[in-house]
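Let's take a look at this one together. Have the sequence and the 3D view ready.

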Amino acid sequence: MLLLRLSTGLAALLAAAACDPGVDIDPAWADAPLPSPGDPVDDEVADAGAWLFRRNCAACHHIGDSSMLGPDLAGVTRRRSAPWIAAMIRNPDSMLVADSIAQRLLAEYQVPMANRRLDGARVRALLEFLHRADAGEGGGALQPAATADTSGVTPSGLAWRRSGRGPLVVLVHGTNLDRAVWSRLRPALARSRTVVEYDLRTHGGSSDTLGPWSEVGDLDDVLSAAGVASDDPITLVGLSAGAGIALEFALTRSSRVERLVLVSPSVRGFAPRPGEVPDVFGGVRDALEGGDSTAIGDAMVALPTFEVGDADRPDVDAMVRRNLRLFAIDPTWAIPAVPAPLERLGEVAAPAIVVVGTLDFPATRRLADELVAGLPSARAQVVDGGRHLLPITDHAAVLEAILGSE
Ligand code: HEC
């Protein structure tokens, strides 16, 4: 008999967790034959399974919702055999090493399925619950409302997009790039997060409008256009110069930023020492003086900053070449939002993770060290063999940095 009747109410769930009466699990269930599609459902076992599912699985899986961290489990008892599902729940670690389907899922979802160390009777109860959900009874209660993707342009001319559902993550790209740099990371992130991304002014689909504006003000505009409430805590992720913008935002809007993830950082006011940046920018300077946009594009894509390996090369080339407009614009455009952010690191309240590749420029690696040392609560995540565009070449490492604090 159940000690707890399953209720969809959150209050009941919290109360249940607080006093934790558990459910009656009969050890004999471990020996019951596994259910096949069409078998009658044992509701007592399935109810216990539903309770176990909420406690152990619902953080990553729902039934009838594909925007979570793990696969949508609707129909799983039809696409996989019961012994396979039992093995995946009981021992995901060895499945991920030895089973080709599990490996394919891992490649797609990028996070390993958690091992909840459940015994045979509990695994059996979970199977009964999944079985019942696929038979059309009881799954719907776990299905939250899905949120559609939305996108738009702010009144100030900035192109933005919002996708996924969950705690808020905001992505800020770097110079000569646009939000396509997140195209690999975003789908994985949107399974468990609300993701807001945008194109910086003079980049991507955003306008070149000048006049008085600042990076921080632009990000304010994007957040309000994307429907972010002013008290919604933000995990702010910046790549390269976007990391500098994230830092400036955290200094001026400190109450809004809950966490900072600074990837391959570049911060206004940081001066590389001689030899810390390879002597490759001369070609860009010459091309800029010549003013020929094809030559500027050629010189830009040749920079080691944009090195990503052959497979991703065409995408990155195209992205850099379509983001050269800023060179045609008066360099006095932006109002520096926060003078000398590096001197104010001690004021940054939000905890930070600084992600840097071992093959990035020495200057970037030194800046990463200075950020970790100077920010009150920061740690480094070093990507072995990583270069500058980590969201493209090492998106799993960036994903881990963003999700990893839980
Ligand atoms: C930390 C998140 C997480 C938790 C918690 C979790 N899973 Fe998973 N699960 C995943 C991910 C991610 C995958 C895809 C394989 C991978 O990436 O390791 C997966 C795969 C699966 C699959 C295979 C799905 C398919 O389409 O073939 C099943 C079944 C499953 N999980 C059931 C469960 C059950 C039942 C629980 C609770 C006991 C659970 N999972 C807990 C993340 C999680």
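Predicted model: local features only at pLDDT ≥ 70, side-chain atom pairs only at ≥ 80, totals over all residues.

Here is a short tour, from confidence to the fold to the ligand.

Residues are numbered from 1 along each chain as its sequence is written.

The pLDDT (the predictor's confidence in each residue, from 0 to 100) averages 84 over the protein chain, with 87% of the residues at 70 or above. Residues 1–20 fall below 50, and that stretch has 21 contacts in the model beyond near neighbours in sequence. Residues 137–147 are also below 50, with 23 such contacts. Two residues are in contact if their C-beta atoms, placed from the backbone, lie within 7 Å.

## The fold

The protein chain has 16 helices and eight strands. These are DSSP runs numbered from the N terminus: H or I over at least four residues for helices, E over at least two for strands.

Of the chain's 406 residues, 40% are buried, meaning 20 or more other C-beta atoms, placed from the backbone, lie within 10 Å of the residue's own. Take the contacts between residues at least 6 apart in sequence: 73% of them join residues at least 24 apart.

## Around the ligand

There are 25 residues around the ligand, and Cys 57, Cys 60, Gly 70, Leu 105 and Met 113 come nearest. Being near here means a C-beta atom, placed from the backbone, within 6 Å. Helix 4 (82–90) and helix 6 (100–109) are the elements giving two or more residues to this shell, and helix 6 has the largest share, with four.

Methods
Buried ≥ 20, exposed ≤ 12 C-beta atoms within 10 Å, placed from the backbone.
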